[in-house]
Amino acid sequence: MRVKLLLLASLLILLSPLSKADIGSEDNQEEFLFQWNKDFGEIYVSTKPITSSEAIYVRTSSSNIAKGIPSVYSISFDGSENWRVENANSTMSDMSPLVFVNSGFGECGNWPDMVLVGWSDGLFQALDAHNGGVIWQYNTEVFAWGITGSMLVESETVTIPTRGGLDRLCLNGDLQFSQSTGNGWRNGVTHVADSYWVGDEKGNLWSVTKDSSTNYLIGAGKLRHSPIALDNGDLFLHLQTSSGSTWYQFDTVNYTSTIIGNSGSGPGKPIVVNGYIITSDSQQITSINCSPLCTIVDFEEFQSNGEISEVFGNIILPRNTVQGGYGHFELLDNGELNPLMMLTFDDDWYGTSGVESWSIDGQKYQLFVNDNANLKLYSTAPADTPSIDNESSNWETMLAMLFALILISATSINLLRERFQSAFKFFILFSTILLYFTMGDVIQAWSEFVTDESPASDAWNDEWPDEWLGTQVVVFEFTNRSVVAGGLLDYTTVLDLTRAAAEEQGLPLEIIESGLGKYLVSVDDVAGEGWEYDVNGQPGTLSAEYKTIDSDSIVIWRQL
Amino acid sequence: MFQSYGIHGPLLGPVTGLVIDVVLLALAFWMLASPDMRKATNVLTFITLVTSISLLRVLMVPLPNIQPVTIAALIIGAQLGARRGIAFAVLVSMTSNFIIGDGIWTLYQAIGWSTVAVIGSASKIVINGKLNLNKTYVYAIICAFLFDFIVSLSIIGTVSFNEFIIYLLNGIPYDILHAVGNLTIAAWFGNWFNDSIANFQSMEEIEQTVVDGYVTRT
């Protein structure tokens, strides 16, 4: 009997909830390690991959159908392909950046999680982010080519720079207005001072509203980026000219433009980092301060003609030469640029795609891809490599695995000896341990299977700001007050979202471990008779730790 | 399934809670009121059973829905009869929940395990003092689902019928874990537990002893 009791005690220790250590803390090494790559073949990629909480999305481009069909891919975070959508009619440069849109609703209807794609044959598609199905599509004007610029997504609309104009659609696909402009290429759209602003291939800047479109000549050249909105309402422009390029500051009230300076040819797409405008071209990367008048702060020699990315506080941009690689720069507080290093890879080549980056629990990820169309994921700590911090929990897992192995061996030995009762004893103990360790995943999968999710509109409060539409919202209903946090994105469980909302609102949470999952004991030191939650008006039926949510879910915690 | 940390049952006021506790205690003592309980050894054995199983339940709280009380109630019901099985179920529910957390679910857990004890008493899983393990396994699985269903009834009144069905469906993985846990406990400790309480006379045996004594004297 003592042996049995010892066994029970060991089991209790083994099955006690494992302590979940933080992964990839700030102390971890910053070295990025290769995780996986996906080669799309004899085709190229010109635009930055994008991510949602569930997948990576990347588009390929081709000018020759024999080398590959331009496609949009959804790739899981382990590198496997979820789905792809091809467009054999699109054989020009497909460089319109993809945009992910969270599910939501507005005055013109509902829409699910979508990937918006503008094709160079003029087709504009809203793809279901989960399976690639076409939710709706819309044909735009084609003159040699169709859409190549950057669309603008606002709360419930998308504005598309078409080949010869600007079309605004509701996110359910309904056309709201269409206006003509000059022909554009890689031009993007910006919304400032009640107008949409877009450049064209003749150096015009167009102001577009629902009822009109007006052009203002900036200079002889081409505007091939989204104008940058400045704090004072002006616009920053980088005009490509026959001899190089010129920076302008455009006054949207008086419609006058001021030259800031000149630079090299083939301007890239400027971005704003820490209040400074960062531009690139074949000559240099430049930092410009525009508060209120634009002046050049610093520059470094570097050739880049595509997308510039802010990556974990620094700047990374692709070198568009046969040697390829990526320039890595630090932007100091005073706007000066400090070259850090060149990032080089085995497949370096010409490139214009930006670098997608994100971090989860302190673990940092970076996605690189160039004209060789070889997508590569790097991260600070591989998902399958134990870090120092979680060594103890892995040790416990290994011990449990060893214990399970012993149990399976004992089952087998007893079966061979035809001692079926003993074999059953070991087998059922093994089953219990197995079920215990997989319980979290089982509960989540089962809950998603049996529960019909209600739409977020069921729980939406009209008093909340419109900016929160399509985002995650958390309400803490105390008996005598309510605290609301909205505009949250990409949290996958009720508990994660609740923690983020509480942190944003400065509310301390007390959460305890239990056999049924984590349990919220108190909010802002108020425990009451307990707390229970609803998701989109439906009562939660399992621990907040296991309850998965959508990108627009509304979670309400009620004090009992 | 119960206590999934989503929906809570109806809240109890202090007076309602007290009334339920008193009713449960009264039920337990009424069930225990029998001639053999005048023997100090039997009383001590029963207290030991209640205390040890309550303690075991508290210790096993970190394990989701693995309930040693279910198998204990089943075997006690089979060995000692329905009355003492019910008394055991009520006292273990109250004692362990005093530490784990008291609420409306205590009442439903007491009813659930009492039902298990009654089923045990009618199950014939113990014949001539020996536990029939194969039969016990079947009852262990049935009782896991039955107990969980009874405890799930505690949320009625706070949710709609559809929500109740969804709640039950969400609880199925927990029910399965309860059933598998029951099988494990029965397989590893069933015989030992049965033998430990075999010397504790059942009500029927006491009645038989009294009748035999009377017959002998006359």
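Disulfides, salt bridges and a sheet

With 55 degrees about the S-S bond, the disulfide link of Cys108(A) and Cys170(A) is right-handed. The model is predicted, so local features need pLDDT of at least 70 and side-chain atom pairs count only at pLDDT 80 or more, while totals for chains, interfaces and linings use all residues. Residues are numbered from 1 along each chain as its sequence is written, chains are lettered from A and ligands numbered from 1 in the order in which they are written, and side-chain values use heavy atoms, with hydrogens and water left out.

Q: Why is the link of Cys108(A) and Cys170(A) called a disulfide?
A: A disulfide is a pair of cysteine sulfur atoms within 2.5 Å. The S to S distance of Cys108(A) and Cys170(A) is 1.5 Å, so the pair meets the definition.

Q: What makes Cys170(A) buried?
A: Buried means under 20% relative accessible area, exposed over 50%, and partly exposed in between (1.4 Å probe, protein chains only). Cys170(A) has 0%, so Cys170(A) is buried.

Q: What is the pairing when the bonded cysteines of chain A are numbered in sequence order?
A: The pairing is 1-2, 3-4.

Q: Why is the contact of Glu81(A) and Lys38(A) called a salt bridge?
A: A salt bridge is a side-chain nitrogen of Lys or Arg within 4 Å of a carboxyl oxygen of Asp or Glu. The closest N and O atoms of Glu81(A) and Lys38(A) are 3.5 Å apart, so the pair qualifies. The pair links distant parts of the chain, strand β5 (residues 81–86) and strand β1 (residues 33–39), with the two residues 43 residues apart.

Q: Are Glu81(A) and Lys38(A) buried or partly exposed?
A: Glu81(A) has 32% relative accessibility and so counts as partly exposed, whereas Lys38(A), at 17%, counts as buried.

Q: Which residues are linked in a network of salt bridges?
A: Lys38(A), Glu81(A), Arg84(A) and Glu86(A) are. The search of the whole structure finds 10 salt bridges over all chains.

Q: What makes Lys376(A) and Asp347(A) a salt bridge?
A: Their closest N and O atoms are 3.0 Å apart. Lys376(A) sits in strand β35 (residues 374–379) and Asp347(A) in the loop between β32 (337–343) and β33 (356–360), 29 residues apart. Lys376(A) is buried because its relative accessibility is 4%, and Asp347(A) is buried at 14%.

Q: Why are β1 and β33 of chain A called edge strands?
A: Two strands pair if DSSP finds at least two bridges between them. The open sheet of 4 strands has the order β1-β35-β34-β33 (chain A), with antiparallel pairing. β1 and β33 each pair on one side only. β1(A) and β35(A) pair over 6 bridges in the antiparallel sense.
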